[in-house]
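Subject: Structure handover and notes

Dear colleague,

Please find below the structure I promised to pass on, followed by my notes on what came out of the analysis.

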Amino acid sequence: MDLHDLTSHLIHRTDVRAMNYFKKKLKPYGMTPVRWSIISVLDSHKGITQTELAEAIDKKQTTIVEMIYAMEEKGLIKRMYSERDRRLHYLFLTEKGEELKKTLSPLVKDAHLFVTRQLSDEENTQLKTLLNKVYNGIQ
C-alpha cells in the first residue's frame, strides 16, 4: 500500500501543516496551539480541575503541569484551592487571560477559515464528522 493511500498518514500530514500555520500565527503573542487550547477551554469551563482540563484538550496531565505553571507566571490563569482538599485546585482565566482570549479569537477564526478555505460548509461539516468518527473509533 502506498503511503499516500494511508488515511492515518494523510491525517498526520494535514495536522502537521495546519499546526505549523497555526503556530506561526500565535507566535507573536507568545502562544502555542496547546496553550490556546487551555485558554479556550478555561474560558468556557470555568473552575475545572487540572485532570478535567487534560481530558478536555486530550493531553496527559503530566504534560500540562508545566504549561499551567508557565501560564500562571504570565498572569494568564489562576488556581483556587479547594477548601476541603488542599491538593485539589480549580483553574480560571485571569483578566489578562480573558483579554488575550478576546484578542486571539479573531486570529484563530481566521486561521481556521484559511486552513479550510478549500472546503464548502457542507464538506467542512462532513470532515469534522468523519474525523470525530475515526478518533472515537480508536479509543
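Arg79 sits in strand E2 (residues 77–81), where strands are DSSP runs of E with at least two residues and helices are runs of H or I with at least four, both numbered from the N terminus. This is a predicted model, in which local features need pLDDT of at least 70 and side-chain atom pairs count only at pLDDT 80 or more, while totals for chains, interfaces and linings use all residues. Residues are numbered from 1 along each chain as its sequence is written, and side-chain values use heavy atoms, with hydrogens and water left out.

With a relative accessible area of 15%, Arg79 is buried, a term that means under 20% relative accessible area with a 1.4 Å probe and protein chains only. Its side chain makes a polar contact with the side chain of Glu72 at 2.6 Å; such a contact is a pair of N or O atoms within 3.5 Å, of which, within protein, one must be able to donate a hydrogen and the other to accept it, and residues adjacent in sequence count only if both atoms are side-chain atoms. Setting aside neighbours within four places in sequence, Arg79 is in contact (heavy atoms within 4.5 Å) with Ile68, Tyr69, Glu72, His89, Tyr90 and Leu91.

Leu53, not counting residues up to four places away in sequence, touches Ile38, Val41, Leu42, Ile48, Ile64, Ile68 and Leu91.

The buried residues of H2 are Pro33, Val34, Arg35, Trp36, Ile38, Ile39, Val41 and Leu42.

As for the whole, the protein has six helices and three strands, which follow the pattern α-α-β-α-α-β-β-α-α along the sequence. Its C-alpha atoms fill a box of roughly 55 × 35 × 25 Å, taken along the principal axes, and buried residues make up 30% of its 139 residues. Among contacts between residues at least 6 apart in sequence, 45% join residues at least 24 apart.

Best regards

Note on methods:
Buried means under 20% relative accessible area, exposed over 50%, partly exposed in between (1.4 Å probe, protein chains only).
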